[in-house]
Amino acid sequence: MPQDIPKSEASQIAQFMGLSGWQEMNDLKLVSKVERGLPVSTAQIIVRRIDPRERELSVYDVIPRATYYRKTEEKKPLSRDQSEKVFALSKVFSETLRQYHGDKKSASMFLMRNHPLLEGRSPWNVARESTAGADLVLKLLDQAEAGIAL
C-alpha cells in the first residue's frame, strides 16, 4: 500500500487535519490526540481544506480570535473542548468533500446554503454549534449518499 494513502478512517481524518504521524493513526491514538489538545494550526488547516481563500469560512468561526492568537503565541494546544469541536468539524468537512468528489466550491456551497431538513439553517451553522450538530450534518450526508430523498 503506498505511503500517501490512509489505511483507516482515523488516519484519513488525521491526514485531513494535517496531523503528524497520520499514516500510523488508529482510532485510539486519534482520541488521545484530541484529549491532549490539537495544535492550533489544525483549525486553520481544516478551514483552508474547504475554503482555501477563506471567503465563506474563517478560522475565527471555529475558535475565537483571542483564543487563536493566545494559543499561537503561547505555543500551546487547543483545549479538549476546542479540539473536540475541531475534530467534529473535520469529519463534516472531510465527508462533504468526499461526497462532492473534492469539489471545494460545491462542498462549500452545500455547507453554507440553508437546508430545509435543518429547518432552514445551513449545515455549517448546525455543525459548528455542537458535536451533536456535526453528527446531524453527517447523518444528512449519509442519507444523501444512501439515496434517501432530501
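**Notebook: pockets and rings**

I began with helix H7 (residues 104–112), which gives the most to the lining of the second largest pocket, with five residues. Helices here are DSSP runs of H or I, at least four residues, numbered from the N terminus. A pocket, on a 1 Å grid over the protein atoms alone, is an open set of points where a 1.4 Å probe fits, with protein on both sides within 12 Å along at least five of seven lines, and lining residues have an atom within 4 Å of a point.

A note to myself: this is a predicted model, where local features need pLDDT of at least 70, side-chain atom pairs count only at pLDDT 80 or more, and totals for chains, interfaces and linings use all residues. Residues are numbered from 1 along each chain as its sequence is written, and side-chain values use heavy atoms, with hydrogens and water left out.

I found that residues lining the second largest pocket include Ile50, Pro52, Lys104 and Met112.

Next I looked up the aromatic pairs, and there are five. Rings of Phe, Tyr and Trp (its six-membered ring) pair if their centres lie within 6.5 Å; planes under 30 degrees apart count as stacked, over 60 as edge-to-face and the rest as tilted. Tyrosine 68 and tyrosine 69 have ring centres 5.5 Å apart and planes at 85 degrees, so I noted the pair as edge-to-face. Ring pairs also link Tyr60, Tyr68 and Tyr69 into a cluster.

Last, I checked for charges over rings (NZ of Lys or CZ of Arg within 6 Å of the ring centre and within 35 degrees of the ring normal). The charged end of arginine 65 sits over the ring of tyrosine 60, 4.1 Å from its centre.

Conventions. Helices (H or I, at least four residues) and strands (E, at least two) are DSSP runs, numbered from the N terminus.
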